[in-house]
Structures are given as C-alpha cells and as structure tokens.
Amino acid sequence: TEKKLVAYHEVGHALVSALEKQDTPVSKITIVPHTEGSLGYTLYLPEEEKFLSTKEELIVELKSLLGGRAAESVAFGTMTTGAANDIQRATALARNMVALYGMSEELGLMAPAVVQNQYLDGQAHMDCSNETAATVDAAVKKLINRCYDEAVSLLTENRQLLDDIAAFLLTKETITGEELMAFVNAAKTPAIEEETEE
C-alpha cells in the first residue's frame with residue numbers, strides 16, 4: 001500500500017543517517033499526511049550552527065538523502081515519485097562538492113562553478129569549457145551512484161531493523177528520535193549470554 005511505501009521511504013532516510021552518524025539524527029518521523037501535500041516527512045534535529053562541513057559529513061548527508069529511494073528498492077524492488085525532491089537536493093549537493101568545493105578526484109582543486117553574488121541568490125553558474133562541464137556531470141553522477149549504492153548496502157545489511165522500525169511507524173504513525181535510536185541500539189547490542197558459574 002501507499003502508506004507502507006511512505007513508511008519505508010521515511011525510515012530509510014533516518015536509518016541511514018542514524019547508522020552513519022551513530023547518533024540520533026531526527027526529532028520525529030511521521031506518515032500522517034501533511035496539508036501541503038506530502039505523504040509523510042522526517043524532521044531532522046537542528047545541528048549546531050556550523051559554517052564548515054567536511055567532505056565526510058557531506059557524504060553522509062548524500063547517503064541520507066538517497067536513503068528513502070534506497071529503502072523503496074530494498075523493501076519493494078520499486079521506485080516512487082516521492083523521492084523527487086530528495087534527488088534534486090542530492091544532485092545539487094553533489095554538484096557543489098564537485099564543482100565548487102574541490103572535493104572530487106576528477107577535477108581536484110579546480111572550481112568550474114562560480115558564485116555570482118552570494119548575497120543575492122547565491123546561485124552557482126558554470127564557467128568552463130563543454131568538456132569540463134561533461135567531466136563535472138560524470139563526476140556528479142559517479143558520486144551520487146556511489147552514495148546510493150552504499151545506502152542500499154547499509155539498509156540491506158540492516159533489513160530486519162528497517163522492517164521493525166517501519167512496522168512500528170505504520171502502527172503508531174509517528175516515531176520519535178529516541179524511539180528510533182532504541183531500535184538501533186538494541187540491534188547494535190547483541191544479547192549477552194549470562195555466564196554460568198561452574
């Protein structure tokens with residue numbers, strides 16, 4: 001059903017983030033439809049104000065953005081239109097990493113994108129040859145595909161956890177960050193067998 005797909009999609013985002021960060025990434029996930037038309041959403045905790053992000057942090061963000069589509073694939077072997085905004089955001093982030101932040105092997109420290117006026121719209125525009133633009137596109141695609149594949153692997157390895165949290169969300173319709181981490185921590189800590197005294 002549609003509700004089940006939405007539940008797995010939203011849990012996919014949060015679970016990838018939680019497993020990567022080993023910390024509570026969200027304040028809540030809900031599958032109660034929103035007035036603006038979204039069928040569910042994941043509310044991330046506000047991070048402390050930061051002016052710098054490391055490449056590693058941005059990779060985690062990419063994997064989390066793609067975690068919804070990855071969960072659809074792992075659980076149902078399908079894709080939905082619900083990932084459209086996630087994919088747009090992931091593409092924009094990956095493009096900035098490659099063309100603005102100098103974080104790709106293909107271009108190294110070259111920045112073919114130029115921010116025209118960061119105080120107006122802050123939009124980056126490409127200022128390079130067609131050949132370089134094609135290299136940027138290929139590097140962006142490679143980065144997104146790698147992060148997506150890693151999100152799929154992570155959710156496949158933790159399939160039981162994905163199923164358990166999605167089932168809980170389907171029943172309760174909303175799950176808090178603390179409840180999410182209780183599932184994650186329980187899965188991380190295998191039951192310790194009591195040693196019997198001889």
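## The nonpolar core

The largest nonpolar core of this chain has 50 residues, and those with the most contacts inside it are L15, L62, M97, L143, L155 and L162. Two or more residues of this core come from each of the elements α1 (2–21), β1 (26–30), α2 (55–76), α3 (84–99), α4 (130–157), α5 (159–172) and α6 (177–188). Helix α4 gives the most to the core, with 11 residues. In soluble globular proteins, nonpolar side chains tend to be buried together. The structure described here is a predicted model.

What does L162 touch, once residues up to four places away in sequence are not counted? With those set aside, L162 touches Y8, V11, G12, L15, A71, V74 and L155. Two of these partners, L15 and L155, are listed with L162 among the residues with the most contacts inside the core.

## The chain as a whole

The secondary structure comes to 6 helices and 5 strands, and these follow one another along the sequence in the pattern α-β-β-α-α-β-β-α-α-β-α. Of the 198 residues in the chain, 36% are buried.

## How α2 and α3 pack

The axes of helices α2 and α3 come within 9 Å and cross at roughly 160°, which means that α2 is roughly antiparallel to α3. The contact is made, on the side of α2, by K55, L58, I59, E61, L62, L65, L66 and R69, and on the side of α3 by D86, I87, R89, A90, L93, A94 and M97. The crossing in which α2 passes α3 is left-handed.

## Two aromatic pairs

The structure holds 2 aromatic pairs. In one of them, the rings of Y8 and F76 have their centres 5.1 Å apart and their planes at 80°, so this pair is edge-to-face. Because Y8 lies in helix α1 and F76 in helix α2, the pair ties together parts that are 68 residues apart in sequence. Y8 counts as buried, at 7% relative accessibility, whereas F76 counts as partly exposed, at 32% relative accessibility.

In the pair formed by F168 and F183, the ring centres are 5.4 Å apart and the planes stand at 70°, so this pair is edge-to-face as well. F168 lies in helix α5 and F183 in helix α6, and the pair therefore ties together parts that are 15 residues apart in sequence. F168 counts as partly exposed, at 22% relative accessibility, and F183 is also partly exposed, with a relative accessible area of 23%.

## Loop residues with positive phi

Q22 lies in the loop between α1 and β1, and Q22 is partly exposed, with a relative accessible area of 44%.

A positive phi in a residue other than glycine is also found at E173, where the value is near 70°. E173 belongs to the loop between α5 and β5 (174–176), and at 28% relative accessibility E173 counts as partly exposed.

Methods:
Residues are numbered from 1 along each chain as its sequence is written. Side-chain values use heavy atoms; hydrogens and water are left out. A nonpolar core is a set of buried Ala, Val, Leu, Ile, Met, Phe, Trp, Tyr and Cys residues joined through side-chain atoms within 4.5 Å. Buried means under 20% relative accessible area, exposed over 50%, partly exposed in between (1.4 Å probe, protein chains only). Helices (H or I, at least four residues) and strands (E, at least two) are DSSP runs, numbered from the N terminus. Contact means heavy atoms within 4.5 Å. Rings of Phe, Tyr and Trp (its six-membered ring) pair if their centres lie within 6.5 Å; planes under 30 degrees apart count as stacked, over 60 as edge-to-face and the rest as tilted. Axes are lines fitted to C-alpha atoms, for helices over the stretch in contact, and angles run from 0 to 180 degrees between N-to-C directions. Angles under 35 degrees count as roughly parallel, over 145 as roughly antiparallel, 65 to 115 as roughly perpendicular and the rest as oblique. A crossing is left-handed if the near helix is turned anticlockwise from the far one by less than a right angle, and right-handed if clockwise.
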